[in-house]
Amino acid sequence: HLCLFTLLNMYTFYLALNSIPAIFILFLFLTREKNKEPLSIVLSTFALTYIIVLPLDIFISFIDPYLENTFDSQHYFSFQDFFRAAFLEEFLKFSVIFLFVYKQTHFDELSDGIIYGIAVGLGYAVVANYEYLIRYYLGQKPMIEFIGNRWWALIGHVSLGILMGMFLAKSRIKRFNYKLMLSLSLMVPIFLH
């Protein structure tokens, strides 16, 4: 019983260490915004990224065998990094903002795009970090290694979310080229990923 209790305490600690900084960063940006976004929409955007992991895992289960059978090892890793990681992850994050937030009447400022981009980036980073935590780190590797490796991923997803949200917000504002900004909102994060 003591071993199970220790494992649960360690797991709870790791989960808190993964989630609390992301939630803190999100609320830090929310409190700095002049025209506040509805908290329910921001938190829903954050939470919807938990759901996109399921289609991502389904896509990966079909794409990985195809890439392995089609390309040699050198090209396999290139395609895997570009298509599987960059394209699929960024496309699904884009889908959350575009399908859930983009048509909302309150999505009308550049800062709104930044807030929702941060929410999507943080939400995705947290859920991806859970997966890494469960698969690789829980009880097997030192926590400092998890922090060092996965917090960089959190910073990367937030940065790409900010760019995505900014371009999406620009596409909503009439003085910018709608199609160009919409294209850039997906393409720039994919290529920077």
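## Briefing: an all-helix chain and its core

L163 is located in helix α6, where a helix is a DSSP run of H or I with at least four residues, numbered from the N terminus. The model is predicted, and for this reason local features need pLDDT of at least 70 and side-chain atom pairs count only at pLDDT 80 or more, while totals for chains, interfaces and linings use all residues. Residues are numbered from 1 along each chain as its sequence is written, and side-chain values use heavy atoms, with hydrogens and water left out.

**Overall architecture**

- The protein chain contains 7 helices and 0 strands.
- Its pattern along the sequence reads α-α-α-α-α-α-α.
- Among contacts (heavy atoms within 4.5 Å) in the protein chain with a separation of 6 or more, 79% join residues 24 or more positions apart.

**The nonpolar core**

- The largest nonpolar core has 42 residues; such a core is a set of buried Ala, Val, Leu, Ile, Met, Phe, Trp, Tyr and Cys residues joined through side-chain atoms within 4.5 Å.
- At least two residues of this core come from each of α1 (2-32), α2 (39-51), α3 (53-70), α4 (73-101), α5 (110-137), α6 (143-172) and α7 (178-192).
- Helix α5 provides the largest share of the core, namely 12 residues.
- The residues with the most contacts inside the core are L26, V42, F107, L122, Y124 and L168.
- One of these, L168, touches F94, I97, F98, Y102, F107, L182 and S185, when residues up to four places away in sequence are not counted.

**Where α2 meets α3**

- On the α2 side, the meeting residues are T49, Y50 and I51.
- On the α3 side, their partners are V53, L54 and P55.

**L92 in α4**

- L92 belongs to helix α4.
- This residue is buried because its relative accessible area is 9%.
- Leaving aside neighbours within four places in sequence, L92 is in contact with I52, L56 and F59.

**I162 and L163 in α6**

- I162 lies in helix α6, and L163 has its place in helix α6 as well.
- I162 counts as partly exposed because its relative accessibility is 24%.
- L163 is likewise partly exposed, so classified because its relative accessible area is 24%.
- With residues up to four places away in sequence not counted, I162 touches I114, G117 and I118.
- The C-alpha atom of I162 is 9.0 Å from that of A119, a residue 43 residues away along the chain.
- L163 is in contact with V188 and L192, leaving aside neighbours within four places in sequence.
- Between L163 and S185, which are 22 residues apart along the chain, the C-alpha separation is 6.9 Å.
- S185 is also among the residues that L168 touches.

Methods
Buried means under 20% relative accessible area, exposed over 50%, partly exposed in between (1.4 Å probe, protein chains only).
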